[in-house]
Amino acid sequence: MTRTVLCIDGPDRIDEVSDTIDADADLTAVQATSVEEARQLLASEPVVAVVTAAELPDGDGMDIVTAIRDSEVSQTPCVLYTDLPPSEIDTTAVEESIVEYLDRSLPDAGERLQFVTNDVIEHSTQVSFMAPEDEGERLDALAEYDVENLPVEESFERMTDLIASHFDAGVAFIGLIERDEESFLACHGADLDSLTREETICTHSMLQEDVMVVEDITTDKRFSENEYLQHLGIRSYAGANMTTHEGHVIGQVCLIDFEPRSYSPEEQAELESFADLAMETLDLRQALRDARTATPQVPEADAPTTEVEQ
């Protein structure tokens with residue numbers, strides 16, 4: 001499967017850049033010749049990387065990097081492909097963005113551009129996923145649940161069976177979102193044990209307060225290039241948060257289908273109720289386990305008193 005790269009340059013140089021990208025069998029180019037056109041394509045095209053010049057008719061490369069950072073695909077890597085030296089490019093406003101510099105005046109610049117573009121795509125896929133602001137506290141809250149030793153598997157299996165039947169969905173699962181992966185406590189309709197946080201849609205869903213619905217993954221730029229989801233045949237998704245009493249999202253209750261579909265507000269509310277039920281079940285099992293393992297506190301007996309007859 002080819003990976004779509006947004007190429008941005010002036011009208012007199014854009015074809016050169018696009019042809020270089022298209023010459024790589026793993027890449028395919030889409031063109032923009034201005035910052036404004038690039039913004040529109042970022043909002044509509046499922047691109048996995050951006051190659052941009054430093055100087056554009058209506059702005060510069062840093063405007064492009066800012067547009068990426070402020071978009072829904074903020075982790076999309078960018079290659080700054082220019083003959084300007086780095087010392088002449090002000091990058092202070094975008095220091096936390098994924099940006100690679102490549103001098104286009106080098107003799108083998110075309111080959112280097114193909115290599116660097118593939119490399120930043122692979123790097124961003126391996127290490128980049130969005131995390132909530134309370135990630136550290138959230139992981140601490142998750143660690144407090146001794147999930148491996150809690151008898152929740154049968155209860156959650158029955159629950160996912162019920163959820164799938166209720167919504168007439170191909171797959172229903174309950175998953176906990178750990179540091180690097182989502183592990184499934186129960187899954188109806190598929191043989192899933194875990195997914196990396198880069199692969200799972202729940203990485204995005206957990207950041208929303210309400211139920212997240214993706215009616216058609218193939219038309220959503222966040223997921224349309226996810227080869228693992230395509231391999232599974234997933235077309236639609238709905239996910240609701242499992243939230244602790246302190247407000248930390250530790251897991252998801254989700255629906256997956258193999259054809260596009262939407263969920264009404266009533267159905268989304270019902271999915272939230274199932275997520276609340278899953279969280280309550282987890283809390284109850286943990287409380288029962290803590291009660292059984294607690295050491296009984298036996299009060300000290302009063303010291304006996306002896307009356308001495310005079």
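The model is predicted, so local features need pLDDT of at least 70, side-chain atom pairs count only at pLDDT 80 or more, and totals for chains, interfaces and linings use all residues. Residues are numbered from 1 along each chain as its sequence is written, and side-chain values use heavy atoms, leaving out hydrogens and water.

**The sheet**
- An open sheet is built from 5 strands in the order β2-β1-β3-β6-β7, with parallel pairing; strands are DSSP runs (E, at least two residues), numbered from the N terminus, and two of them pair if DSSP finds at least two bridges between them.
- β2 (27-32) and β7 (99-103) each have a single partner strand, so one side of each is left without a neighbour in the sheet.
- From one strand to the next, the twist averages 25°.
- Strand β3 (residues 49-52) is joined to strand β6 (residues 78-82) by 3 bridges, and T52 has L80 as its bridge partner in β6.

**The helix across it**
- Helix α1 (residues 14-22) lies across β1 (3-8), β2, β3 and β6, and runs at about 165° to β2.
- Here, helices are DSSP runs (H or I, at least four residues), contact means heavy atoms within 4.5 Å, and angles run from 0 to 180 degrees between N-to-C directions of axes fitted to C-alpha atoms, for helices over the stretch in contact.

**Residue R138**
- You can find R138 in helix α5 (residues 135-143).
- R138 counts as buried because its relative accessibility is 0%; buried means under 20% relative accessible area, exposed over 50%, and partly exposed in between (1.4 Å probe, protein chains only).
- Not counting residues up to four places away in sequence, R138 touches several residues, including P132, I177 and H248.
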